Structures are given as structure tokens and as C-alpha cells.
Amino acid sequence: QVQLVESGGGLVQAGGSLRLSCAASGRTFSSYTMGWFRQVPGKEREIVATIVWSGGRTYYADSVKGRFTISRDVAKNTVYLQMNSLKPEDTAVYYCAARPTSFRNYEYWGQGTQVTVSS
């Protein structure tokens, strides 16, 4: 059974940093792309960053470029999202997700972790 378990969310002041972790288990992810998404109540879920498990190619939404860094630890089967220079508009529930790299739709989702940035 595939599981994606996020951790690391919390409350931080504007300008601060947080690191989210996504522990993946239940299958081999070498042919997968991992993504971080976020959602605010009443708004659509938006993509934040993605990383191709094999090779490490990354993508970032314009809103987080230069502030967030996605990475993965192959040995630990864990994906990270380092978030620096946080802004109040980064407040959201952050979700980890996985899809086969050759597919468009994300197949597996975590339960989400709340990030709140105070001004």
C-alpha cells in the first residue's frame, strides 16, 4: 500500500523558514515525479514544485521561485520542500503527491500539512 506522509508544517512569522518532508513508502518511485501542492479554503489546489525522482529535474511555480527548493533523498525515500522568505500568502495546506512521470495525473496523495505564515 502506497503511503505519502507529510510533516514539518506549522506557524512561522513572515520572512521565516520551514522545511516540509514527505516520506514515501509502498512501492519504488524511480519512475515517478513527486510534487508539492497547496490549497487555501475556497480556492483551487495549485502546484508549488515538482521533482523527477530519477535525475532530479525540478519545476517551480513562479510564485515560489527563488524562495522554495524541492529535493529528494533517494536512500530515505523522502521528498523535501525547503521554504524560505515565507510570506502570509504562502499560508495553505501543503500536499505531497506522486505520479508516474509519463502520466499527467497524480496517482497518490498525502493527507496534507498546515503552513501558517503570520504578518
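Buried means under 20% relative accessible area, exposed over 50%, and partly exposed in between (1.4 Å probe, protein chains only). The model is predicted, so local features need pLDDT of at least 70 and side-chain atom pairs count only at pLDDT 80 or more, while totals for chains, interfaces and linings use all residues. Residues are numbered from 1 along each chain as its sequence is written, and side-chain values use heavy atoms, without hydrogens and water.

View 1. T50 belongs to strand β5 (residues 46-52); strands are DSSP runs of E with at least two residues, numbered from the N terminus. T50 counts as buried because its relative accessibility is 10%. Beyond its neighbours within four places in sequence, T50 has contacts (heavy atoms within 4.5 Å) that include T33, M34, R57 and Y106.

**View 2. The pair Y32 and Y108.** Rings of Phe, Tyr and Trp (its six-membered ring) pair if their centres lie within 6.5 Å; planes under 30 degrees apart are stacked, over 60 edge-to-face, and the rest tilted. Six aromatic pairs are counted by this rule. One of them, Y32 with Y108, is stacked, at 6.2 Å centre to centre and 25° between the planes. Y32 lies in strand β4 (residues 32-39) and Y108 in strand β10 (residues 108-109), 76 residues apart. Y32 is buried at 4% relative accessibility, and Y108 is partly exposed at 21%.

**View 3. R45 over two rings.** A charge sits over a ring if NZ of Lys or CZ of Arg is within 6 Å of the ring centre and within 35 degrees of the ring normal. The charged end of R45 is 4.1 Å from the ring centre of Y95. R45 also lies over the face of W109, 4.4 Å from the ring centre.

How values were computed:
Helices (H or I, at least four residues) and strands (E, at least two) are DSSP runs, numbered from the N terminus.
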